[in-house]
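Hi there,

Here is the structure I promised to pass on. Please open it alongside this note, and then read on for what turned up.

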Amino acid sequence: MKQFFSVNDITSLSQAVQSALTSKQSPFADEALGKHKTIGLVFLNPSLRTRMSTQKAAMNLGMNVMVMNMTSDGWALETKDGVVMDGNTAEHIKEAAAVMGEYCDILGLRSFPGLKDADEDYSEELFGKFAKYCGKPVVSLESATRHPLQSFTDLITIVEHFDYQYDSVQEKLVPQGKKPKVVLTWAPHVKALPQAVPNSFAEWMCRAQAEGLVDFVVTHPEGYALKEEFTTGATVTTNQDEALADADFVYVKNWSSYEDYGQITCTDKSWMLTLDKLEATNNAKVMHCLPVRRDLVIASEVLDSEHSIVVQEAGNRVWAAQAVLKEMLKNQ
Amino acid sequence: MKQFFSVNDITSLSQAVQSALTSKQSPFADEALGKHKTIGLVFLNPSLRTRMSTQKAAMNLGMNVMVMNMTSDGWALETKDGVVMDGNTAEHIKEAAAVMGEYCDILGLRSFPGLKDADEDYSEELFGKFAKYCGKPVVSLESATRHPLQSFTDLITIVEHFDYQYDSVQEKLVPQGKKPKVVLTWAPHVKALPQAVPNSFAEWMCRAQAEGLVDFVVTHPEGYALKEEFTTGATVTTNQDEALADADFVYVKNWSSYEDYGQITCTDKSWMLTLDKLEATNNAKVMHCLPVRRDLVIASEVLDSEHSIVVQEAGNRVWAAQAVLKEMLKNQ
Amino acid sequence: MKQFFSVNDITSLSQAVQSALTSKQSPFADEALGKHKTIGLVFLNPSLRTRMSTQKAAMNLGMNVMVMNMTSDGWALETKDGVVMDGNTAEHIKEAAAVMGEYCDILGLRSFPGLKDADEDYSEELFGKFAKYCGKPVVSLESATRHPLQSFTDLITIVEHFDYQYDSVQEKLVPQGKKPKVVLTWAPHVKALPQAVPNSFAEWMCRAQAEGLVDFVVTHPEGYALKEEFTTGATVTTNQDEALADADFVYVKNWSSYEDYGQITCTDKSWMLTLDKLEATNNAKVMHCLPVRRDLVIASEVLDSEHSIVVQEAGNRVWAAQAVLKEMLKNQ
């Protein structure tokens, strides 16, 4: 694996999940793989879970870890070509990426969208240039439009909490009986948040649906449709009640509008997930990528109930990262 | 040991000191204990000594270390229950702590008091909730009201600089001849500082006095009494000269008023420790937790003299941390 | 080696370069040397290359690494003696350095000049006091007036890109045929930058010239002469064209005026290095310490051409640091 940027970098979801669960069983089994290898984790935006879990995964694999928090203004990188750099940017991404590539065997990059210009954000120029110029395998630690380590984690967590068997001849996960119904639902927030997590979750679930692993439904208010390419094959509805009926997993997440790019066009508090709403579900498990604002996005009564698996989900971030790094190390 | 929050988490001071001094003799003897174990050091406030010494101790024990500096505004945690989180806090401590617990075998937490509301600070709500929700052993790296790694270090340093024998049958330290007189004295400062260090030092010295290791005296200006529970058994006086007479150890520290909570009510420069004042002592050793403001808290002439053991004291921070982590690892 | 502050801390340039290139061939050959040793990297100013490369070098040598970013205001250190510390500085360098020395076997320090007062900056008081009080070997990670790890790297890079043989009897590098002509040229910038990199590069090249390794020329506009002690033996000219004629290596760098201390007195864009200018050279390799502002300091057409070796140069930072740390560890 030369890059982990989206679900398209995964050959088989079943095998990827299986690899992660194997590492979860024996975290140090592949410790020799990363000996004398260094991963550089480059954060252009803050991170808690992603940083700790990826660092942990790398250490489990015997790697050295270097963390670069480039969140202060002094670190502004130029991404455009042909610019006379007499302004605020002190270094061009061509040099910055290439230099980091000199010091590291694998690089991770986190960079949030500006949420001003959809075309710019969705071009993923920064991530693309970084990957191109650093010359090393790159793991997305969340880019402008996707958060694939989170989505991979989410799939692992769904598989763990539902009845699947791994058919080791076909190398495929097989749901025992009916496939689980997985629902992604929008929820309110006070800030304009990126679409990276829902885009990515939708992209992975559409693929999981195509591989026969889940049934996938997205629900959101009018004006909050995700960019179409991420939801191809999903059932999309603005009726949250209808979406939640018989759900096995409810994935809650706020995002800002894609249509009215980066704007908050709905503040309807009735979209918050409550225990009441879960009654229509199939005793659904509730998921969220965290951090979650209690009683705004999800009611405390839900987070404090047996429905919530958000902490176990966060814990699984380690195994998603470890499966990805394992693949990258095997190719070196 | 499931928690290191105060002196009450230590069964025997003598054995704890002995354990620390054993590690100081052979820093890497327990290197196998921490193999494949990870400590997460979470700083909600800046740290130099605590961070470096705890990191060093953990590495000596073979542990992996992850440091989280959550000092910027983006990391504000909600600690109250039942709050609609539509304000500045992005994550509730319930989730933040639980998630860190997923990634780490031991956690350390530093969090300073607000110094606005004594009841809030002295409830130690943040530390208590963090320990409860993370589900892993937690080491205080200084909380609102205590700095136990510092106080443990201070006791180690006193033992090193006085004539004690370790009775290995009774497993007790025994002062040879008269017990040392240890004096905690207030000193001036330009900022309102927490009471954590003096509270904690007093709490440890009262316990050491109860175990027959020291005689303990506290001196401060009117209005600067520490909360009573921390000084039970100590001689307390507002007469600094009287306190210093025949002292073997003088522990200098500023703190803001507890009575007039968080305020600076005395700026009397005559409380600064000078060489003159040390003349009445028993050639006392001078201690401070550092950082120390020269010629405001302690005169340079003292810090630059043979009286001062502040650097050796800071060096001992490693061995206090190592003794605590060793106990926690043994229980896992 | 007790200190790495300038070229004067190197006994033989040839042997130092040879040591670095040996490590580049076998990065982990000296891994046992750093076992149970800790390096503390203290940054009073931001760093990308220096931090990552020194950390990498230390890890290659089996060391533990602790990074302290003391870039926020809370960390202001007092360096003057006899000051009543009732202002902004919270700790004196005497204590801060001594304490770090307690926790580390080797220390690295980065501290930029204020660019207000030449005498103060050129006294290198901060670095000198840090080295004195910490009591451990100290590596400069760039001080007020020098950046020796960069200059050592630059020499390594020149040797790699020219025809030298290592005479293992005399333990000396010998250029095959004519010595390379190395030119340091000033270039425009929008900010007032320190003289540390050009001072240091000049100091190393003058020494390399004295050891028969290169011919060295410096060119800059009127008013930009470096302090004389750094360019003794070099050809200095304000005619850039003349300097560039037949050059084998062109080292481009902006600096603020030393004469008119810390000021920008020339903004003449014609000093930027372009492909046109390189025509008069001997197909010169172009070097820069990075970060470089494209189309202000060096034209993109140059950085994107075969002339540029800036990325390989940055990569060599690891081997310079590793050679220095190796020497320090051998002495312990």
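First, some housekeeping. This is a predicted model, in which local features need pLDDT of at least 70 and side-chain atom pairs count only at pLDDT 80 or more, while totals for chains, interfaces and linings use all residues; side-chain values use heavy atoms, with hydrogens and water left out. Residues are numbered from 1 along each chain as its sequence is written, and chains are lettered from A and ligands numbered from 1 in the order in which they are written.

**The sheet in chain A**

Helices (H or I, at least four residues) and strands (E, at least two) are DSSP runs, numbered from the N terminus. Two strands count as paired if DSSP finds at least two bridges between them. In chain A, five strands make an open sheet with parallel pairing, in the order β12-β11-β10-β13-β14. Its edges are β12 (235-237) and β14 (285-287) of chain A, each of which pairs on one side only. From one strand to the next, the twist averages 20°; axes here are lines fitted to C-alpha atoms, for helices over the stretch in contact, and angles run from 0 to 180 degrees between N-to-C directions.

Strand β13 (residues 249-253) of chain A runs parallel to β14(A), joined by three bridges. If you want a place to look, Tyr251(A) stands opposite Met287(A) in β14(A). Helix α7 (residues 196-210) of chain A packs on this sheet and touches β10 (181-186), β11 (215-219) and β13 of chain A, its direction making about 150° with that of β11(A). Contact means heavy atoms within 4.5 Å.

**The sheet in chain C**

Chain C has an open sheet of five strands too, ordered β12-β11-β10-β13-β14 and paired in parallel. The edge strands of chain C are β12 (235-237) and β14 (285-287), each pairing on one side only. Strands β10 (residues 181-186) and β11 (residues 215-219) of chain C pair in the parallel sense over five bridges, and Lys181(C) stands opposite Asp215(C) in β11(C). Across β10, β11 and β13 (249-253) of chain C lies helix α7 (residues 196-210) of chain C, at about 150° to β11(C).

**Where chain A meets chain B**

Here 28 residues of chain A are in contact with 28 residues of chain B. The two chains bury about 2500 Å² between them, 62% of it on carbon and sulfur atoms. Buried area is the accessible area (1.4 Å probe) that two parts lose on being put together, summed over both. Which residues of chain A lose the most area to chain B? They are Met52(A), Arg293(A) and Arg294(A), together 26% of what that side buries.

There are 10 residue pairs in polar contact across this interface, both at pLDDT 80 or more. A polar contact is a pair of N or O atoms within 3.5 Å; within protein, one must be able to donate a hydrogen and the other to accept it, and residues adjacent in sequence count only if both atoms are side-chain atoms. On the side of chain A that touches chain B, α2 (49-60), α11 (310-315) and α12 (317-330) of chain A give two or more residues each, and α2(A) gives the most, with seven.

**Where chain A meets chain C**

This interface joins 28 residues of chain A to 28 residues of chain C. About 2500 Å² is buried between chain A and chain C, 61% of it on carbon and sulfur atoms. His36(A), Glu95(A) and Tyr103(A) supply 26% of the area that chain A buries against chain C, more than any other three residues. The rule finds 10 residue pairs in polar contact between chain A and chain C, both at pLDDT 80 or more. On the side of chain A that touches chain C, β3 (64-69), β5 (91-92) and α3 (93-103) of chain A each supply at least two residues, and the largest share, seven residues, comes from α3(A).

**Salt bridges**

A salt bridge is a side-chain nitrogen of Lys or Arg within 4 Å of a carboxyl oxygen of Asp or Glu. Over all chains, the structure holds 45. Three of these salt bridges cross between chain A and chain B. The pair Asp304(A) and Lys94(B) meets in a salt bridge at 3.1 Å, N to O. Between chain A and chain C the count is three, and Asp304(C) and Lys94(A) form a salt bridge at 3.1 Å, N to O.

Best wishes
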